[in-house]
Amino acid sequence: MNNSPRKFSIEEPSPPSQRAHDFKSLAENSPDAIIRFDKNLYFIYANPAIKIPTGILAENLIGTKLSDLGLSAHYYQLWKTEINKVFKAKKSLSFQSDFKTLHNRTMYYHALLVPEFGADGSVEYVLCTLRNITDLKKAEQSLKKNQDRTQILLNSIPDTLFVLDRNGFILDYQESKNTFPFFPPINLQNRNIKDVLPLIASKIMHYFDQAVTTNTMQFFEFQTTLNSITYYCEGRITASNENDFVLIIRDISELKQMQQHLTRFDRLHLVGEMAASIGHEIRNPMTTVRGFLQMFSKKIAFQNYKELVELMVTEIDDANRIISKFISLAKNKSLSLESHNLNTLIVSLLPLLQADAIISNKKISTQLESIPDFEMDDKEISQLILNIARNGLEAMFPRTELVIRTYVEQNRIVLAIKDQGIGISPEDLDKLATPFFTTKEGQLGLGLAICYNIAARHQAEIIFDTSPLGTTFYVKFKIP
């Protein structure tokens with residue numbers, strides 16, 4: 001019989017006492033908190049690391065129940081539920097949560113619950129490992145905040161951004177809030193820019209090559225038309241390297257319209273300033289001539305020429321009216337601002353317009369909502385209303401109707417004058433407010449130009465909608 005001590009090979013399992021010793025050695029030195037629960041949620045074992053989250057020594061914890069820890073109802077119910085799941089399902093599970101430590105600091109942990117089986121195959125204990133993931137969670141939260149801030153910044157940019165490779169495939173993109181209607185409503189990632197912007201794809205790739213060659217940002221403009229609406233856009237290209245680049249597209253339609261308005265107003269102001277500088281010089285001799293003609297018309301010697309004299313006086317008066325129209329375009333013309341109600345002004349002008357309408361067998365109706373008073377030069381606004389309304393009447397056929405409306409919209413008082421004419425032809429749209437442009441014979445083409453100038457002096461805006469069924473002019477005044 002061999003009485004020498006038995007040697008254990010690595011192939012053979014260690015005896016239970018050895019395994020228990022190894023477990024205890026590992027657990028005692030583990031940075032993770034390790035706890036063992038029985039079915040009644042008593043602490044059967046706890047390693048020294050348990051003091052960090054609970055503030056309780058391991059030896060003082062053993063023999064107490066989970067409910068003795070003074071956890072909040074939420075956390076107690078969470079732990080009770082998860083531990084009981086392991087007892088019932090006989091399977092390991094894990095979850096993440098947070099809690100307040102003894103020092104009232106928030107700690108995040110990852111819990112792993114493992115069943116420990118008895119001799120009869122039932123779960124006798126549940127072993128729990130708590131790993132402190134507070135630093136990881138804080139890093140994730142910090143990263144999430146940075147991502148959220150970056151996303152907020154991107155969402156506030158009025159541009160659409162693309163990241164493309166050198167073959168024109170979209171690697172990533174960020175649409176602006178005001179998404180351009182000519183971008184298809186689908187996921188654009190991995191699509192080629194040729195499918196998205198086919199008309200300018202070659203231009204984009206050309207400017208990418210330029211950006212790589214010169215190592216500078218490239219700028220270009222383009223326009224596209226959708227549903228009869230023309231969009232003006234600016235493109236910017238920055239090459240990250242030779243293989244990919246960033247394309248930034250901005251809708252500059254409003255800027256282009258503003259530039260056109262400024263150009264139009266510059267023309268108006270130039271004509272007005274010229275008229276103001278020479279108008280009085282012309283009027284003085286004309287007034288003198290008119291006075292002598294009126295004096296001659298009363299003399300017996302000129303009775304045979306009375307009709308000719310009266311014709312000359314009429315022609316001088318017509319010339320005076322033309323000069324007055326030119327002078328009304330002057331940029332620095334003074335305004336006599338007083339508080340008035342636009343509805344009252346329209347009602348006072350209605351008999352004049354009704355007379356014009358009746359003569360041509362047309363109708364005028366009004367839809368005047370309650371609107372506040374505001375400061376205006378009533379003579380100028382009267383001229384604006386008469387000019388637009390009479391233009392509308394002239395554009396209409398007999399037995400049609402002109403409608404004058406007022407209402408408040410988005411903190412603005414709106415004057416809307418709608419005719420039932422044939423609409424404005426597309427080639428004339430950009431010329432409406434240009435001085436001397438007219439489609440009527442014998443007209444100066446200053447009516448709408450004067451209206452735009454009056455609106456500008458009142459810090460108002462004129463826009464219009466037109467179709468073959470008619471045109472509506474909107475004059476929008478700011479509510480003070």
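## Strands 14 and 15 and their sheet

Strand 14 (residues 401-409) and strand 15 (residues 412-418) are paired antiparallel over seven bridges; two strands count as paired if DSSP finds at least two bridges between them. Strands (E, at least two residues) and helices (H or I, at least four) are DSSP runs, numbered from the N terminus. Glu-409 stands opposite Arg-412 in strand 15. The model is predicted: local features need pLDDT of at least 70 and side-chain atom pairs count only at pLDDT 80 or more, while totals for chains, interfaces and linings use all residues. Residues are numbered from 1 along each chain as its sequence is written, and side-chain values use heavy atoms, with hydrogens and water left out.

An open sheet of five strands, with mixed pairing, has the order 12-14-15-17-16. Its edge strands, strand 12 (363-368) and strand 16 (461-467), each pair on one side only. From one strand to the next, the twist averages 15°; axes are lines fitted to C-alpha atoms, for helices over the stretch in contact, and angles run from 0 to 180 degrees between N-to-C directions.

Helix 10 (residues 342-359) lies across strand 12, strand 14, strand 15 and strand 17 (470-478), at about 170° to strand 12; contact means heavy atoms within 4.5 Å. Helix 11 (residues 378-395) also packs on the sheet, touching strands 12, 14, 15, 16 and 17, and its direction makes about 30° with that of strand 15.

Another open sheet of five strands has the order 2-1-5-4-3, with antiparallel pairing. Strand 2 (43-46) and strand 3 (93-100) each have a single partner strand, so one side of each has no neighbour in the sheet. The twist averages 25° from one strand to the next.

Strand 3 is joined to strand 4 (residues 106-117) by eight bridges, and the two run antiparallel. Asp-98 has Tyr-108 in strand 4 as its bridge partner. Helix 4 (residues 73-89) packs on this sheet, touching strand 1 (33-37), strand 3, strand 4 and strand 5 (123-132), with its direction at about 165° to that of strand 3.

## Aromatic pairs

The count of aromatic pairs is ten; rings of Phe, Tyr and Trp (its six-membered ring) pair if their centres lie within 6.5 Å, with planes under 30 degrees apart counted as stacked, over 60 as edge-to-face and the rest as tilted. The ring centres of Trp-79 and Phe-95 are 5.4 Å apart and the planes lie at 70°, so this pair is edge-to-face. Trp-79 belongs to helix 4 and Phe-95 to strand 3, so the pair ties together parts 16 residues apart in sequence.
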